[in-house]
Structure formats: C-alpha cells, structure tokens
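Me: I am new to reading protein models, and I would like to walk through one with you. Could you help me by answering some questions about it?

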Amino acid sequence: MRSVATAIDPVDHSSPAASVAVHADFHADATGLPAGTGAYVLLIRLSDRLPLTLAGRSGVITLPPGNYLYCGSAHGPGGIKARVGRHMRPDKAIRWHVDRLTTGGTVAGAWVFPDGDECGLVTLLAGMPVPVPGFGSSDCGTCPSHLLSWPDGMPLPFSDPLVPASTHR
Ligand SMILES: [Zn+2]
C-alpha cells in the first residue's frame, strides 16, 4: 500500500514513484532511529562541487553537486541509531570514505532496513550511476560501489523522502 502525497512538493518530483518495491522508513533526523542492527541508505546532498582525496588513491576526484545515496550497515553497539546518528553529525573525525561527503555536504536523512544488508541495497539500487568506483566497498568484493548518484526524477525502489512515513519526534 502506498500513501498519496497531499502536500506540495518543494522539489519538482513530477513523475510518481511507480515502482516502489520495498517499504522503508525515512528518518530526517536521529531522533527515531532504531537501536537494532541492520542496513541503511543515507541521502546526502551536495550543494557545491566536492573535491575528494581518498586513502589509497592518487589524485583528486571531484563530485558534482546533487543527491547521493550511500549504502551502509550497522552491526556494532548502538546499531543503526549509533551509526546513522554519527553520519548525521557534521562534526567528527574523518574515518571512512563517506565521512568526506557527510562533512562536505548535508545528510538529508536515511532510510533504514532493520536486519537488512548493505550489498542487497546496492543491488536494489542497480541502475543508479556510480560516481566513484569502489567508494565504500573496499572490503566488499561484489559491489561496484556503496555510493550511488541519485539523478533528479529517477524513481527510487523504496518510499520517496518527500512522502515520509510518520516519524516519531
Ligand atoms: Zn557491497
């Protein structure tokens, strides 16, 4: 069952998300994130070009402005709440590739998949462009990248953040 958008979208998403295949709650902030383990997709917005230097790579990669989707998993203490909460905090020591994006851009929120698998989410998002091959997937032998671009108007396989399920605030 899919809810019908009644609010006016602030962004032009004129094409309806016709192919929503998986339900996932979208969390715009850390308040209602579940403490269990699982996987998540971060929605990161870059308002400007972001030059990146990555450990183990030579040269600078420049990401264009736009929306990005990062697939990750949380199996440590505090689960999804701790991990995604960290991604949402702009002030942190750089530890992972994705930290460059979450500090250089804005984390608009995250879809959470309790008991989910990050590589399964990458598979679900097949068709989205890969901006940096191998980004975040160095210890995963199968995915082309755990970071994907989300071009404007491209339908997602799960609920659109502009039509969020009610979040607990
Ligand atoms: Zn993977």
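**A walk through the fold**

Me: Why does leucine 156 count as buried?
Reply: A residue is buried if 20 or more other C-beta atoms lie within 10 Å of its own, exposed if 12 or fewer, and partly exposed in between, with C-beta atoms placed from the backbone. Leucine 156 counts as buried because of its C-beta neighbours inside 10 Å, which number 22.

Me: Good to know! Where does leucine 156 lie, and what separates its C-alpha atom from that of leucine 125?
Reply: Leucine 156 is found in the segment after E7. Leucine 125 is 31 residues apart from leucine 156 along the chain, and their C-alpha atoms are separated by 7.5 Å.

Me: What kind of model is this, and how are the residues numbered?
Reply: This is a predicted model, in which local features need pLDDT of at least 70, side-chain atom pairs count only at pLDDT 80 or more, and totals for chains, interfaces and linings use all residues. Residues are numbered along each chain as its sequence is written, starting from 1.

Me: What is the order of strands in the open sheet?
Reply: Two strands pair if DSSP finds at least two bridges between them. The edge strands, each pairing on one side only, are E1 (25-27) and E7 (147-150). The open sheet has five strands with antiparallel pairing, in the order E1-E6-E2-E5-E7.

Me: How many bridges join E2 and E5?
Reply: E2 also pairs with E6, in the antiparallel sense over eight bridges. For E2 and E5, the antiparallel pairing runs over nine bridges.

Me: Which residue in E6 is the bridge partner of histidine 27?
Reply: E1 and E6 (residues 106-114) pair in the antiparallel sense over three bridges. In E6, the partner of histidine 27 is alanine 110.

Me: What angle does helix H1 make with E5?
Reply: Axes are lines fitted to C-alpha atoms, for helices over the stretch in contact, and angles run from 0 to 180 degrees between N-to-C directions. Contact here asks for C-beta atoms, placed from the backbone, within 7 Å. H1 (residues 79-88) packs on the sheet, touching E2 (38-46), E5 (66-74) and E6, and its direction makes with that of E5 an angle of about 145°.

Me: Why do the buried residues of H2 line one face of the helix?
Reply: In H2, the buried residues are His97, Val98, Leu101 and Thr102. The arc is that of the directions from the helix axis to the C-beta atoms. Seen down the axis of H2, its buried residues line one face because they fall within an arc of 125°.

Me: How many residues are in the largest nonpolar core?
Reply: A nonpolar core is a set of buried Ala, Val, Leu, Ile, Met, Phe, Trp, Tyr and Cys residues joined through C-beta atoms within 7 Å. Among those with the most contacts inside the largest one are Tyr40 and Trp111. The number of residues in this core is 33.

Methods
Helices (H or I, at least four residues) and strands (E, at least two) are DSSP runs, numbered from the N terminus. Two residues are in contact if their C-beta atoms, placed from the backbone, lie within 7 Å.
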